[in-house]
Amino acid sequence: APTVRFEDVHFAYEPARPILQGLSFEIPAGRTVAVVGPSGAGKSTLGRLLFRFYDVQAGRITVDGQDIRGVTQQSLRRAIGIVPQDTVLFNDTVAYNIAYGRPEATQAEVEQAARAAHIHDFIAAQPKGYETMVGERGLKLSGGEKQRVAIARTLLKNPPILIFDEATSALDSANERAIQAELRAVAQGKTTLVIAHRLSTVVDAHEILVMDAGRIVERGTHAALLAAG
Ligand code: ADP
Ligand code: ADP
């Protein structure tokens with residue numbers, strides 16, 4: 001897995017309103033760095049910049065030392081998997097949704113990913129046709145089931161870099177704990193940026209960054225941040 005580095009990153013959606021004001025941190029190869037802080041702090045913006053939905057206005061983001069502006073968007077995005085808060089599914093089968101982004105995947109590979117994410121019951125029912133459809137035409141998946149589809153999709157894609165953007169924030173507490181455990185397993189050995197609300201969910205991160213108003217106001221391990229109050 002690669003090392004990801006944000007170096008003195010500046011960014012604004014609108015020129016008059018700077019969002020990130022000189023942000024630097026590193027996610028060492030295969031480790032997890034978590035970002036916590038109040039809503040509006042700029043946490044999700046970090047993920048959007050790494051995926052190049054937007055480009056930094058000053059400073060740079062590197063993957064193994066290479067500025068991501070020098071990498072094709074296609075190869076960058078192949079290397080990154082995102083699990084968002086609310087996974088938007090296509091109005092098609094669960095299997096189609098898992099394979100999205102990797103249409104060349106075999107049925108066996110899709111089934112293996114579905115099994116690992118515990119969503120296999122839904123693709124197994126595929127011959128029933130419309131009953132396995134998700135979205136407005138058919139079966140409605142719960143929030144937890146949708147996140148399992150997102151996890152299966154990520155397992156199938158198997159990218160070296162992961163972004164979890166409040167991936168369990170929309171779930172009830174029973175689902176939240178189950179999906180959190182699965183996300184931790186998926187992140188093993190991957191270079192992972194975890195965006196979270198609460199410090200309590202990111203106990204085992206290599207480093208936790210506390211953001212406020214576009215700046216890192218505190219950083220350290222979970223234990224160190226707790227000790228600092
Ligand atoms: P967080 O993830 O910490 O809640 P965000 O990174 O989503 O924060 O947003 C940081 C700031 O940028 C917020 O003030 C938000 O209103 C603003 N912002 C986010 N997206 C846009 C956008 N597309 N255009 C303009 N402002 C935006
Ligand atoms: P919160 O409940 O605090 O809002 P979120 O659910 O928004 O947190 O985001 C935290 C997510 O990141 C959780 O889904 C959790 O599974 C995942 N996560 C937390 N710590 C790690 C870690 N060390 N490695 C991988 N994933 C993690």
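1. **Ground rules.** The model is predicted, so local features need pLDDT of at least 70, side-chain atom pairs count only at pLDDT 80 or more, and totals for chains, interfaces and linings use all residues. Residues are numbered from 1 along each chain as its sequence is written, chains are lettered from A and ligands numbered from 1 in the order in which they are written, and side-chain values use heavy atoms, with hydrogens and water left out.

2. **Who surrounds ligand 1?** Ligand 1 has 14 residues around it. Each has a heavy atom within 4 Å of the ligand. Arg17, Gly40, Lys43, Ser44 and Thr45 are the closest. By class, the shell holds five nonpolar, five polar and four charged residues. Here Ala, Val, Leu, Ile, Met, Phe, Trp, Tyr, Cys and Pro count as nonpolar, Asp, Glu, Lys and Arg as charged, and the others, Gly among them, as polar.

3. **Contacts of ligand 1.** A polar contact is a pair of N or O atoms within 3.5 Å. Glycine 40 places a backbone N or O atom 2.7 Å from an oxygen atom of ligand 1. Glycine 42 also uses a backbone N or O atom, at 2.9 Å from a ligand oxygen. Lysine 43 uses its side chain: an N or O atom there is 2.8 Å from an oxygen atom of ligand 1. On its own, ligand 1 has 560 Å² of accessible area, and the protein covers 70% of this. Such areas come from the Shrake-Rupley method with a 1.4 Å probe.

4. **Elements at ligand 1.** β1 (4-14), β2 (17-27) and α1 (43-50) each give two or more residues to this shell. The largest share, four residues, is from α1. Helices (H or I, at least four residues) and strands (E, at least two) are DSSP runs, numbered from the N terminus.

5. **Who surrounds ligand 2?** Ligand 2 has 19 residues around it, and the closest are Glu166, Thr168, Ser169, Arg198 and Asp204. Eight are nonpolar, six polar and five charged.

6. **Contacts of ligand 2.** For glutamate 176, the distance to a ligand oxygen is 2.9 Å. For arginine 198, the distance to a ligand oxygen is 2.5 Å. Aspartate 204 faces a nitrogen atom of ligand 2 at 2.6 Å. The protein covers 98% of the 550 Å² of accessible area that ligand 2 has on its own. α7 (173-187) and β8 (191-195) each give two or more residues to the shell, and α7 has the largest share, five residues.

7. **Where does ligand 2 sit?** Its space is the second largest pocket. A molecule sits in a pocket if more than half of its atoms lie within 2 Å of the grid points. On a 1 Å grid over the protein atoms alone, a pocket is an open set of points with protein on both sides within 12 Å along at least five of seven lines, and lining residues have an atom within 4 Å of a point. This pocket holds about 480 Å³, the space filled by probe spheres set on the points. Its lining has 25 residues, with Phe164, Arg184, Val194, Thr201 and Val202 nearest the centre.

8. **The largest pocket.** Its volume is about 580 Å³. Of its 21 lining residues, Phe51, Ile82, Pro84, Tyr100 and Arg153 are closest to the centre. α6 (143-157) is among the elements that supply at least two residues, and α6 gives the most, with four.

Notes: A polar contact is a pair of N or O atoms within 3.5 Å; within protein, one must be able to donate a hydrogen and the other to accept it, and residues adjacent in sequence count only if both atoms are side-chain atoms. On a 1 Å grid over the protein atoms alone, a cavity is a set of points where a 1.4 Å probe fits but cannot get out, and a pocket is an open set with protein on both sides within 12 Å along at least five of seven lines; lining residues have an atom within 4 Å of a point.
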